[in-house]
Amino acid sequence: MSSDITPKIDPTPDSEKQDLKDRINKAVTTQKRPTVTVLSSLLSIEDELGYIPDEAISIVAEYNNSTINEVWGVASFYPNFRFDPPSKNTVEVCWGPSCHLVGATDVIKAVLDELELDGEGDTIDKIATFKFNTCLGACPQAPVMSINHRMYGKISAKQAKSHILELRKNINGSDK
Ligand code: FES
């Protein structure tokens, strides 16, 4: 039986790795939260990058005088942290009470159908990450969805679908 002894080549250039480390360090050292902890440091990194890269774990451990195991323990305990880069776009639909009462279910179904997803997650082509939101802070405009943090209120299922189609069209147009 043969085993693969081909060296694994990391395709990430050194400059990109350094840039990532710089962004992690900046996120950790410029936290706005009053008390700095392992959790607050991880939240700052998630805010900055949209995910927790492997490199962040040792940086957070060192900054908080903690251990890698402790940082992993905190990071893996919270289901909202993601450990791979998000898609190019974020689509959120609110399913909070105000939105639920006025048709969020239909909006969610239309968006999920259009993205070809069953629930939260990334589309296969990685053009969008879909998330539920418990309140997008615009209840009088319910039902509400957002694309890359731009809000769309009083939205119908049909309008939600056309926003996703528009998003796809813009991405395909900009890829050319
Ligand atoms: S409940 Fe949907 S925006 Fe507040």
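Arg23 counts as partly exposed because it has 16 C-beta neighbours inside 10 Å. On this scale a residue is buried if 20 or more other C-beta atoms lie within 10 Å of its own, exposed if 12 or fewer, and partly exposed in between, with C-beta atoms placed from the backbone. The model is predicted: local features need pLDDT of at least 70 and side-chain atom pairs count only at pLDDT 80 or more, while totals for chains, interfaces and linings use all residues. Residue numbers start from 1 along each chain as its sequence is written.

Arg23 sits in helix α1. Helices (H or I, at least four residues) and strands (E, at least two) are DSSP runs, numbered from the N terminus. Setting aside neighbours within four places in sequence, Arg23 is in contact with Glu48 and Leu49; two residues are in contact if their C-beta atoms, placed from the backbone, lie within 7 Å. Leu101, by comparison, is 78 residues from Arg23 in sequence and 41 Å from it in space, C-alpha to C-alpha.

The chain as a whole has 7 helices and 5 strands. From the N terminus on, their order is α-α-α-α-β-α-α-β-β-β-β-α. Taken along the principal axes, the C-alpha atoms fill a box of roughly 50 × 50 × 35 Å. Of the 176 residues, 21% are buried. Among contacts between residues at least 6 apart in sequence, 59% join residues at least 24 apart.

The domain assignment divides the chain into domain 1 (14–77) and domain 2 (89–175); such bounds come from an automatic or database domain assignment. The C-alpha centres of domain 1 and domain 2 are 29 Å apart.

Two helix pairs can be followed next. Helix α1 (residues 14–29) packs against helix α3 (residues 54–63) at an angle of about 35°, with the axes 10 Å apart. Axes are lines fitted to C-alpha atoms, for helices over the stretch in contact, and angles run from 0 to 180 degrees between N-to-C directions. The crossing of α1 and α3 is right-handed. A crossing is right-handed if the near helix is turned clockwise from the far one by less than a right angle, and left-handed if anticlockwise. On the α1 side the contact uses Leu20, Lys21, Ile24, Asn25 and Val28, and on the α3 side Glu55, Ala56, Ile59, Val60 and Tyr63. By class these are 7 nonpolar, 1 polar and 2 charged residues. Ala, Val, Leu, Ile, Met, Phe, Trp, Tyr, Cys and Pro count as nonpolar, Asp, Glu, Lys and Arg as charged, and the others, Gly among them, as polar.

In the second pair, helix α2 (residues 38–49) and helix α4 (residues 68–77) have axes that come within 10 Å and cross at roughly 65°. This crossing of α2 and α4 is also right-handed. Val38, Leu39 and Leu42 of α2 meet Glu70, Val71, Val74 and Ala75 of α4.

The largest nonpolar core has 19 residues, of which Val93, Cys94, Val107, Val111, Val144, Met145 and Ala160 touch the most other members. A nonpolar core is a set of buried Ala, Val, Leu, Ile, Met, Phe, Trp, Tyr and Cys residues joined through C-beta atoms within 7 Å. β1 (89–94), α6 (104–115), β3 (128–133) and α7 (157–175) each supply at least two residues of this core, and α6 gives the largest share, 6 residues. Apart from this core lies another, of 11 residues, among them Ile45, Ala56, Ile57 and Val71.
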